Every structure is written in C-alpha cells, then in structure tokens.
Amino acid sequence: MPVFILLPIALIFIIFIWYVSTMNSLRRAEVKIDEALSSIDVALTKRYDVLTKMLDICKNYIKYEKETILETIKLRSGMSIEDRKAANTDLDQASNFINAVAENYPELKSSENFRQLQVSVMEVEEHLQAARRMYNSNVAYLNQKLVSFPTSIIAKNLGLTSRLFFEADVSKKQDVDMDF
Amino acid sequence: MNEQIKRLEELRERTVKLLVIILTASSLITLPFIYLVAVRTYMMQLGFFILVFMGGGTFAILGFATGYFKKAKEFKASYKKIFVEAPFQEAFDKVYCDFNEGISKDIISGTNLMSMGNRYYTNDYIKGSYKNVEFERADIKIQHHTSNGKRSRTVTYFNGRWLILEFNKNFHFDLQIIGKGFSYTQKNNSFFTSEKHRRHKIKMEDIRFNENFDVYAQNEHEAFYILTPQFMDTLKNMYNYMDGNFMLGFVDDKLHVAIHTRKDAMEPSLFSSVMEPNLEEVQREINTIIHIIDRLNLDRELYK
C-alpha cells in the first residue's frame, strides 16, 4: 500500500487511540471522585454515630438534649459538596462541645467508655481527612485536565465540568461557647 | 569495656600477622611452580590456574592448620558483640542478636515487595523494642545469577538492611512506597495479577512527594489514610538522607523498610584498628530505627 494512504490511516488510528485513552482517563477520574465522595459520606456518618454515642455518655453533665445539639446536622444521600461541608462544620462544633464538657468534668474524661469513643472519633476523623484529601487530589487532577489543551476538547464533548474542592473549615479551630 | 577492646585489638593483630604469614608461605610455594611450569613455557593460562588452585589450596590448608579461620571468625563475633550488640542493648529494650541468622526468605518473598532472584543471603539478625514498638532487622542480599556454561552474570537486586516494625494503624490492603533510587521491586500492578491482589499506581496531593516516590496501593483510600501529610514529610526527609534508595511496604499489619545500602554495614575490617572503630554505620542504623518510630509516631497505640 502506498505511503500517502498508509500515513493518514496511521494518523487516524493514533488519534483514535489517544481519544479513547483520554476519555477513559477522564471517566476514571470521575469514578475516583465519586468513590472519594462516598468515602467522605461513610466517614461523616460514622462520625455522627460516634458523636451521638458520646453525647449519650455526656447526658448527665449537660443541660441540653442530644437531639438539640445534633438537630442541625443533616446527613442524607445525594448531598452536594456544600451540604457535606456544612455537615462537617456542624460535626466539628458538636465534637468541640463534647471535648469542652469533658475538660470540665474529669470523671467523664477518665471514664473508659468515653476514652474509647474519643479514640474512635480520632480514627474516624483521620479517615475523613484521608477521604477529603483523596477527593481533593482527584478533583485537582480532573480540573487540570479540563483546562489543558487538547484534553479540554474531549472533556467538553463528554460534558464534564470542573468540581468544587472540599476544603477544611477554619471554624474547626475556633473555641466553643461553654454554656452547659 | 576497655579491657575487652584491648583484647580484641590483640586478637586482630595476631590474626593479621597470621594472615601475612600464610599469604607469604602460599606465595613462596606457588610462585616457583608458576615460574617453572608456566612462565618458562609461555603458558600463561596454566600459570593462572596454578595460582588459583594451588595458591588457593595452600592458603586453605595453612589457614586451617594454623587456626587462622577460627581466629578470624572469633574476631568477627567478638567485634559484633562489643560494637554492634552493646550499642543496640543501650539504645533499645529486649534486644536479641544472632549474627549468623537473618530474616527468612519466605517472609521477604511473602510480602511480594521485591524481585527475589535466585540467590538469597541473610545474617546479622537483631530484634528489639523501642517505646514498646517491636522491630527486627537483618542484612539481606538478593541476587540473580545466570550462566550459559561459558559466561556467568550476577545482578544484585538488593544489598542492605531490611527492617520490620509493628505498625500502629490497622490496615487491610497492601501499600508500597518506592523511592526513585530503588530498583528491582515487585509491584504486582500488571494486568495478569488478580484484581484482588493488584496494586494500582496512585498520586498523592504533594507534588514533591510524587517526584520522589512511586506509590502502589490496593486501596486508594487506605493509602491516603496511612500516608498523612506528616508521614509524607518524614519520608521526604528520609529521601534526602538516603538518596532515595529505600522502599516501604505495609503488609499484614507490619511496616517493612528496605534500605539498599550496597554494603554489609556490620562487617568489621581486619585491617582497621578497633581502638578507634568506625561506628558510624551502626549508629546510623540505630538512629534510623529511632527516627522511623519517632517520626512516624509508631508508639501511638491510639488505633490498636
């Protein structure tokens, strides 16, 4: 076969391979982001459960019902990133509140149940942090691809849009009002 | 201790003297033969064979007869007792040493972290604990030897120290972190590895870390869980300190650290005085273990 026919065929084949592999890598990035989001949801739910148990132990030391403290926290499926961030901030506040109570009641802080739950909270928080970092890392990868030429052309064809980062809330570091 | 070192120095001097005598005697016996048989007849190849077989044979016979090999072994054992075991005893708890033993091949191959070649050597086993974190270490050499009858070739895959430490976080999947200067690893990331055991190359969020290390994980979330930003900073510091010649593996609740030093760190030299020993390597080894446990907070029993 003559070269002037072979060359365009080879070129078309290379472009096709590149298109498919780029499309797959973008789809993979999307799947990874969804997986990370699901890990965030699992960690948020676990954190909510552990904090609920901690509030049960604290109930003799505080004047509020645990429902009052946790009422603003709404965890449901299909939450947006903003909803997740808000839920996480609320959980931070609940966690800070429990820690503040424990600081004021040494007998509570030294109880075995409370100590075990504190360990669980720390572990869950590390899992949450890991899921958040994994999500942000994959979002950064996808967002970079969306603005890089020529990948951006395929991304546009696939209807992909940039995703929001899940940033840690600065309010986590703030003190809570100690009105038990 | 000084008395022990003095005695060791005397033993070393006696051993070196014996070595010089044996070498001289072997030369005096072998060289005339080479001259008579090979040089005068211009058969240089034959001369080489006489040198190797007759010289080597004479050296071995004299070595056994004069007790040189026994003395050299005794020197080595005493040196390790004084300059390796004692500093380890001082730095760590529950220290157990067996310099003739090592970490078994099955344990290393069972991690699926290294290409295993067909030759495996191990010695200088030390076990201990620091801040209640148990560790074990040994010198390991892994080689691949091929021969086609005429030529043989030996490639060293790994020559250095292998550390196994208890890890304080529970994990369910394998994770492998390879420094860019470390070769001959087994990554288990090929298409032919079953999906359950396959490790995928992943990128962390730290660009410099990604430049220095390749990370292969069975589960991405767990990789991010273990590789916290603080952990990654520690590994970046270790990278500069060790020129990237190391690999970490998280397998079966243990942390494996393989450091390719290209030398046997604990072997003494007969030709250096023990009155001023070079303890840099042993101290470096001790510092590495302490550094890993301290910087990675392995003593935190928070998660167990």
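## Where the two chains meet

In this predicted model, 13 residues of chain A are in contact with nine residues of chain B. On the chain A side, helix 5 (residues 112–147) gives the largest share of the residues that touch chain B, with 12. Sorted by class, the chain A residues that touch chain B comprise six nonpolar, four polar and three charged.

## Chain A: helices throughout

Let us look at chain A on its own. Chain A has six helices and zero strands, and along the sequence it reads α-α-α-α-α-α. Of its 180 residues, 23% are buried. If you take the contacts in chain A between residues at least 6 apart in sequence, 81% of them join residues at least 24 apart.

## Helix 1 against helix 6 in chain A

A pair of packed helices is described by the angle between their axes and the distance between those axes. For helix 1 (residues 3–58) and helix 6 (residues 151–158) of chain A, the angle is about 65° and the axes are 10 Å apart. The crossing of helix 1 of chain A with helix 6 of chain A is right-handed. Helix 1 of chain A brings A:Tyr19, A:Thr22, A:Met23 and A:Leu26 to this contact, and helix 6 of chain A brings A:Thr151, A:Ile154, A:Ala155 and A:Leu158. By class, that makes six nonpolar residues, two polar and no charged ones.

Leaving aside residues up to four places away in sequence, A:Leu26 touches A:Lys145, A:Ile154, A:Ala155, A:Leu158 and A:Leu160. A:Leu26 and A:Tyr141 are 115 residues apart in sequence, yet their C-alpha atoms are 9.3 Å apart in space.

## Chain B: two domains

Turning to chain B, the domain assignment gives domain 1 (2–66) and domain 2 (95–295). The centres of domain 1 and domain 2 of chain B, taken over C-alpha atoms, are separated by 39 Å. Seven residues from domain 1 of chain B and five residues from domain 2 of chain B take part in the contact. The side of domain 1 of chain B that touches domain 2 of chain B has four nonpolar, one polar and two charged residues.

## The sheet of chain B

## Strand pairs and hairpins in chain B

Strand 2 (residues 119–130) and strand 3 (residues 133–147) of chain B pair in the antiparallel sense over 10 bridges. Within this region, B:Lys127 has B:Glu136 of strand 3 of chain B as its bridge partner. The hairpin of strand 2 and strand 3 of chain B has two residues between the strands, and B:Lys131 takes a positive phi near 50° there.

Strand 3 of chain B also runs antiparallel to strand 4 (residues 152–166) of chain B, and 13 bridges join them. Here B:Thr146 has B:Arg153 of strand 4 of chain B as its bridge partner. Four residues lie between the strands in the hairpin of strand 3 and strand 4 of chain B, where B:Gly149 takes a positive phi near 95°. Elsewhere in the sheet, strand 8 (residues 246–251) and strand 9 (residues 254–259) of chain B run antiparallel and are joined by six bridges. B:Met247 stands opposite B:Ala258 in strand 9 of chain B.

Terms used. Residues numbered from 1 in each chain as written. Chains lettered and ligands numbered in written order. Predicted model: local features only at pLDDT ≥ 70, side-chain atom pairs only at ≥ 80, totals over all residues. Pairing = 2+ DSSP bridges. Contact = placed C-beta atoms within 7 Å. Nonpolar A, V, L, I, M, F, W, Y, C, P; charged D, E, K, R; others polar. Buried ≥ 20, exposed ≤ 12 C-beta atoms within 10 Å, placed from the backbone. Domains from an automatic or database assignment. Axes fitted to C-alpha atoms, helices over the stretch in contact; angles between N-to-C directions. Left-handed = near helix turned anticlockwise from the far one by under 90°.
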